[in-house]
Amino acid sequence: MATYVLSRALVVLALAGTVATVAAVPAASAAPRAGSYHSTHSATQDTLDAIVRGGTPGVLARADRAGEVWSGTSGVADLHTGRPRLPQDRFRIGSLTKTFVATVLLQVAAEPEYGLSIDDTVDKWLPGLVRGNDNDGRRITLRQLLQHTSGLYDYIRDPEFSAKYTGTAFFTHRYDGATPEELVRIGLAHQPRFAPGEGWSYSNTNYILVGMVIEKATGNSYASEVERRIIRPLGLRGTTVPGTSPSVPGPHGRHYSKLSVDGPAARAYDVTDFNPSVSGASGEMISTTRDLNVFIRALLRGRLLPPAQQKEMFTGRDLGDGRTYGLGIRSQTLKACGVQVWGHSSEIPGSLTRTAATVDGEHVLTLNRNSDWGDPDLEQAAVEAEFCR
């Protein structure tokens, strides 16, 4: 594997609008020491408590900053036993998987032996796959998949697919799973939302295809490449790519969902066991707050990509309201203080996660709720409390 995985100390980042600039970033510091600086995190802790008061069973957060670690929890990991959430708990990370997958594809693009460019068409790597209903892989690039500008319909929005995981139908289909080819076919059964490159729309279909391209280019599954290139080199011991396995490795809390049923009478169901292959390369991974912070910090500090690919990843498409989307990662300028943070958010049955970090990777926060409902403004309040005080 290329030596930049563990050694690079410079990072090229998109810092202003959609124009990339070069910024020197300090070399990665020593592993954060276990510590406590709770007094400076009282506002963050207050937002965790507010999330639980709002109905989430339990919430867990970790912040790494200036060589110190703070962990905060509120509520419970298990409604039956009352077991509290623990800093080492594992949980499903949903769309944060996309950041791992985008990093791998950019690494592959940086290695000449694979002959891959992110400006290649999808059809070059998956000939004839993306066809029908005005979808055409000859007109869509890998960059457009990574940045959600392909126009491809999000298979998760397909009414028949979503009905399988709404209400008590979930318990009939929770172990069904799906192959990448099946998921792509669901997306291609619909007209594209716009012509390639002419808009922006978040679509999980894009990343199912990216996973397939990684396998075609390397001869290995996207999961094995994530493990080889990121999980093992960074020592992410709590991070797994489960494939079709429906269980979450311990230790973990339970995952709760109202299964898209609205209203005060909607009950919370335990949905911990679930075949995540229906999310695949768009959202199947499992991790911890510690591992996600280590990963995002390494990514921002240039330890995972050489400068050219780092620049590509962090060149954001302007989404308005102070937000941009790069390649598998997004930025937001916080209204409360003007600080720009990079990361991703995610939703998968029973789990909501948000990771955010300053552009230099010096300050990183990951927050997880063991539910998939609740006021998103409270999650945003937690990020602003952490970075603006």
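Two strands pair if DSSP finds at least two bridges between them. Helices (H or I, at least four residues) and strands (E, at least two) are DSSP runs, numbered from the N terminus.

## Basis of the model

This is a predicted model, in which local features need pLDDT of at least 70 and side-chain atom pairs count only at pLDDT 80 or more, while totals for chains, interfaces and linings use all residues. Residues are numbered from 1 along each chain as its sequence is written, and side-chain values use heavy atoms, with hydrogens and water left out.

An open sheet is formed by 8 strands in the order 4-3-16-15-14-13-12-11, with antiparallel pairing. Strand 4 (68-75) and strand 11 (317-320) are the edge strands, each pairing on one side only. Direction ignored, neighbouring strands of this sheet are turned by 20° against each other on average. Angles here run from 0 to 180 degrees between N-to-C directions, and axes are lines fitted to C-alpha atoms, for helices over the stretch in contact.

Within the sheet, strand 3 and strand 16 pair in the antiparallel sense over 7 bridges. Val59 has Arg369 as its bridge partner in strand 16. Helix 13 (residues 376-387) packs on the sheet and touches strand 3, strand 13 (330-333), strand 14 (340-348), strand 15 and strand 16. The direction of helix 13 makes about 155° with that of strand 16. Contact means heavy atoms within 4.5 Å.

## Asp64 in strand 3

Asp64 lies in strand 3 (residues 58-65). Asp64 is buried, with a relative accessible area of 3%. Buried means under 20% relative accessible area, exposed over 50%, and partly exposed in between (1.4 Å probe, protein chains only).

The side chain of Asp64 makes polar contacts with the side chain of Arg62 (2.8 Å) and with the side chain of Asn293 (2.6 Å). A polar contact is a pair of N or O atoms within 3.5 Å; within protein, one must be able to donate a hydrogen and the other to accept it, and residues adjacent in sequence count only if both atoms are side-chain atoms. The C-alpha atoms of Asp64 and Gly361 are separated by 9.3 Å, although these residues are 297 residues apart along the chain.

## Salt bridges

Side chains of opposite charge can pair when their charged atoms come close. A search of the whole structure finds 16 salt bridges, each a side-chain nitrogen of Lys or Arg within 4 Å of a carboxyl oxygen of Asp or Glu. One of them joins Asp119 and Arg143, with the closest N and O atoms 2.8 Å apart. This pair links distant parts of the chain, 24 residues apart: Asp119 is in the loop between helix 3 (97-110) and helix 4 (122-125), and Arg143 is in helix 5 (residues 142-147). Asp119 is partly exposed, at 45% relative accessible area.

Glu362 forms a salt bridge with Arg301, the closest N and O atoms being 2.7 Å apart. Glu362 lies in the loop between strand 15 (351-358) and strand 16 (363-369) and Arg301 in the loop between helix 11 (289-300) and helix 12 (307-313), so the pair ties together parts that are 61 residues apart in sequence. Glu362 is partly exposed, with a relative accessible area of 28%, whereas Arg301 is buried, at 4%.

## Arg229 and its network

Arg229 lies in helix 10 and counts as buried, at 0% relative accessibility. A network of salt bridges links Arg229 with Glu111, Glu225 and Arg228. The side chains of Arg229 and Glu225 are joined by a polar contact of 2.6 Å, and the side chain of Arg229 also makes a polar contact with that of Gln107 (3.2 Å).

## Nonpolar cores

In soluble globular proteins, nonpolar side chains tend to be buried together. A nonpolar core is a set of buried Ala, Val, Leu, Ile, Met, Phe, Trp, Tyr and Cys residues joined through side-chain atoms within 4.5 Å. The largest such core has 71 residues, of which Phe100, Phe295 and Met313 touch the most other members. Elements giving two or more residues to this core include helix 3, helix 9 (204-218), helix 11 and strand 14. Helix 9 supplies the largest share, 8 residues.

Leaving aside neighbours within four places in sequence, Met313 is in contact with residues including Thr99, Leu106, Leu299 and Ile329. Apart from this core lies another, of 14 residues, among them Leu48, Val59, Leu334 and Val383.
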